[in-house]
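I opened my notebook to jot down what I looked up in this structure. Here are my entries, in the order I made them.

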Number of protein chains: 2
Amino acid sequence: MKVRRLQPDKPCHRPRDSLFSWSSGFDNFTGFVNWGFLLLGIGGVRLLLENFIKYGIRVDPWQWFLFLSGKNDGGEEYPSLLLICYSTVPVGLCLLIEKGLSVDIIAHGTGMVFHVINLVVMVLMPMVVIHVKDSGFSLVGAMYVCTLYAMLFLKLWSYIQVNMWCRLSSRKKTTQGRMRRQLSYNNLQSSGIQQSANDVSDFEHETNDCGNSLVQYPDNLSLGDLYYYILAPTLCYELNFPRTQRIRKRFLIKRILEVVVGCQVVMSLFQQWMIPSVKNSLIPFSNMDVAKASERLLKLAIPNHLVWLCFFYLTFHSSLNLLGELLHFADRNFYSDWWNANNIDTFWRAWNKPVHRWAVRHLYIPIVEMGYSKTTASLTVFFISAFFHEYLVSVPLRTFKIWAFMGMMGQIPLSVLSKMAERYCGPRWGNIVVWASLIIGQPLCIMMYYHDYVVTHFGETLIEDYSMV
Amino acid sequence: MKVRRLQPDKPCHRPRDSLFSWSSGFDNFTGFVNWGFLLLGIGGVRLLLENFIKYGIRVDPWQWFLFLSGKNDGGEEYPSLLLICYSTVPVGLCLLIEKGLSVDIIAHGTGMVFHVINLVVMVLMPMVVIHVKDSGFSLVGAMYVCTLYAMLFLKLWSYIQVNMWCRLSSRKKTTQGRMRRQLSYNNLQSSGIQQSANDVSDFEHETNDCGNSLVQYPDNLSLGDLYYYILAPTLCYELNFPRTQRIRKRFLIKRILEVVVGCQVVMSLFQQWMIPSVKNSLIPFSNMDVAKASERLLKLAIPNHLVWLCFFYLTFHSSLNLLGELLHFADRNFYSDWWNANNIDTFWRAWNKPVHRWAVRHLYIPIVEMGYSKTTASLTVFFISAFFHEYLVSVPLRTFKIWAFMGMMGQIPLSVLSKMAERYCGPRWGNIVVWASLIIGQPLCIMMYYHDYVVTHFGETLIEDYSMV
């Protein structure tokens, strides 16, 4: 090579690969993230401008309130708001039971039975209300109330379990302490040396990084502490959450802007692109026309996927960070890098960290510690997760089909497929399978639910009428 | 912190940032590249499917041939094909002049004058033909012929300059050799020791990595060598290009598929999305209606940008790699990571490596070596680049406006802006300025040219007619 470089023609070429060729090993594509945000931002600004040219300024907070209150065109009540207010009841009951347990008014077994009854009643409440109100309850209102109740269920579960751990540990400590005191009393009698200095450390208040003393078990059982936890962006209870020192103003403003602009983008995409697409695909889907149905499905896939991406960013980055900043909550690990996931399992572990952390801490590890195998624990986590997916979709839609449950079950062969792709074709292909399942799988589920929703609520005739046209 | 971890509530939170927050320092977004390709792939498949459902199979190579031959609806000839065939004449002349120079039939000064005349006539040829044929020449045909001629100009410039370097160097060598031989003859006479062994090394054939001997100066002046260089994906001539050992079949097939599918995607985006968008924005643009014109501009920005990205990938990755693979050409450095560029200068250096390498090797360094300052050299490169941008746009459109030239001039304030953004707001903002100028700047130029093209070729009346409607 050196000889070549000394030639009089000043050589400037040497053997090397293009950066997009996998063989080049190049992997710095950070610039494309800025690009993605910029494109979404430009798209958002254009939609706002178009809307402004057409209609002028039409921001109406009252419409938003109606939308979120769950009031339907026909209804006269605000069922979502009522259900949110009602949620204070199971929360208060839960705290009362814990108080009773902490001062030994209620026995452990009885307390647990109370807790289970309280939680089950809570989870069933939206199902009953939605069934009773039926058409007096808007779809979006019903959907987010179900999400709130599901979250509350997981949060209270964690609260109860953590308090139980603390209670068991403090009982053990006091028993040990009593035994040790007895021992030192004996020593004192025999040798006359005062040894109780050791015991002081057991009851001394431990401090955190900031020098504040850590809250110890029964002191945490207050309504303020419980509501801080319920508002905080986590599903795992702790007595002493890591806290930030101050609220960063610029950070806060950025997140607020993201939520405001992002919601507009999602709603525009939804109304202008997804809804017509879903409606148009009803007939080919119903007639099992494979070529047309696939074409429709692929057409739906792109706006649906963009909506999902925006939704992910708005929920897991903007909103949870906004909440965390306001509440001085320091742990912002709401998602890890699922976009690089090489198989479905990694993806499920990475995209929703709060739920994943809850499942590991409050379901998987306890089951393993109870002596069951890891497979049993994994399967339990999987089935409970499938149940909640079904709960979040079927209850608001009032169609008790099991597509969401089947979708979750479909993750098992997909996981095998993605792992095979990873092993035999390289990690890039595993990643491509994960992305493809996201992009194609979701619109497929949406089409199935929409089809069933239309058939259940408007009957087969509507579809037949459509086919005639 | 350790104290906290030992608490009985099994803490699982710790202070940390979300990955999308810049403060987290996370930068592995490789998965999004797979995502981008997958989305484009899905979009392409859907378009093909839609097209197939509507029209059946309609691949017509004859239409492609007509399209590329430059034949217009009215015309009866194939002007692009004729111009491509004609291009062999300046290439042949160039080789003849070089041959003459190498055997000292033509003096250095005269040869250079011949070369300059030959190249200038070559570059003017498409301008004249397009002007004479006028409406008998399709826009696309004219555009790619101009590109071919511009490339040929740069390639022959490099060829001539490299041969000149070799000639000068071999003359120096022979002169030195003659002097040294004279010297050693004298030594031999005085000391009787044979010293001519040194000289042998000067004429010994040097070998490259594969053990093949390197081609030396006058041996390279053959039509085969020249045409290999003209077909090879580079603008910089060398006597001994780095070569690959074999053609990778899978690599070749992938690149061919990319070119075939990619062309479909680009053409569909162009026809179904860009052309209506450009036509719709003509009126607001002509009436200087700022709000409507910006809305149109942003609407045009996204498809235009997608077309540009596809075009970039198809040209600089798929096509050039395909060509390189077929020709055993080993240096595939056709672009570097412009997507991470933090200022406009870096972007221009990175996105089109063949032209950048040519400009540095054959313009910038020679000018600096001639004793001029680096600023003069940079400005010369900049102006020649601006000239060629204007040439590639104005000649095919037959509107000698200077928007492309102005666009290039606009790079100077943009460069300052992006460097200020990089320095004062961090490199991310520099990168965002670069992306924004790409996304917004291009459709602005396109709108200006389209507006002028319509005014020049169809008159103001058309626009007024439109405005009435």
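**Salt bridges, then symmetry**

I started with Lys419(B), which is partly exposed, with a relative accessible area of 39%. Before going further, a reminder to myself: this is a predicted model.

What does the side chain of Lys419(B) meet in a salt bridge? I looked, and the partner is Asp345(B), with 2.8 Å from N to O. The two sit in distant parts of the chain: Lys419(B) belongs to helix α16 (residues 403–425) of chain B, while Asp345(B) belongs to helix α13 (residues 344–351) of chain B, 74 residues apart. I checked Asp345(B) too, and its relative accessibility is 24%. Buried would need under 20%, so Asp345(B) counts as partly exposed.

Next I wanted the total. A search of the whole structure gives 14 salt bridges over all chains.

I picked another one, between the side chains of Glu98(A) and Arg167(A), at 3.1 Å from N to O. This pair also links distant parts of the chain, since Glu98(A) lies in helix α5 (residues 88–102) of chain A and Arg167(A) in helix α7 (residues 139–191) of chain A, 69 residues apart. Are these two residues buried or exposed? I found that Glu98(A) is buried and that Arg167(A) is buried as well.

Then I turned to Glu325(A) and Arg248(A), whose side chains meet in a salt bridge of 3.0 Å, N to O. Here a helix is tied to a loop: Glu325(A) is in helix α12 (residues 290–326) of chain A, and Arg248(A) is in the loop between α9 (223–231) and α10 (249–280) of chain A, 77 residues apart. Glu325(A) has a relative accessible area of 1%, so it is buried, whereas Arg248(A), with 26%, is partly exposed.

Last, I compared the chains. Two copies of a chain are related by a rotation about an axis and a shift along it.

My final entry is about the interface. Of the interface residues of chain A, 99% are also interface residues in chain B, so the copies meet through the same surface.

Methods. Residues numbered from 1 in each chain as written. Chains lettered and ligands numbered in written order. Predicted model: local features only at pLDDT ≥ 70, side-chain atom pairs only at ≥ 80, totals over all residues. Heavy atoms only, no water. Salt bridge = Lys/Arg side-chain N within 4 Å of Asp/Glu carboxyl O. Helix = DSSP H or I, 4+ residues; strand = E, 2+ residues; numbered from the N terminus. Buried < 20%, exposed > 50% of the residue type's maximum accessible area, 1.4 Å probe, protein only. Contact = heavy atoms within 4.5 Å.
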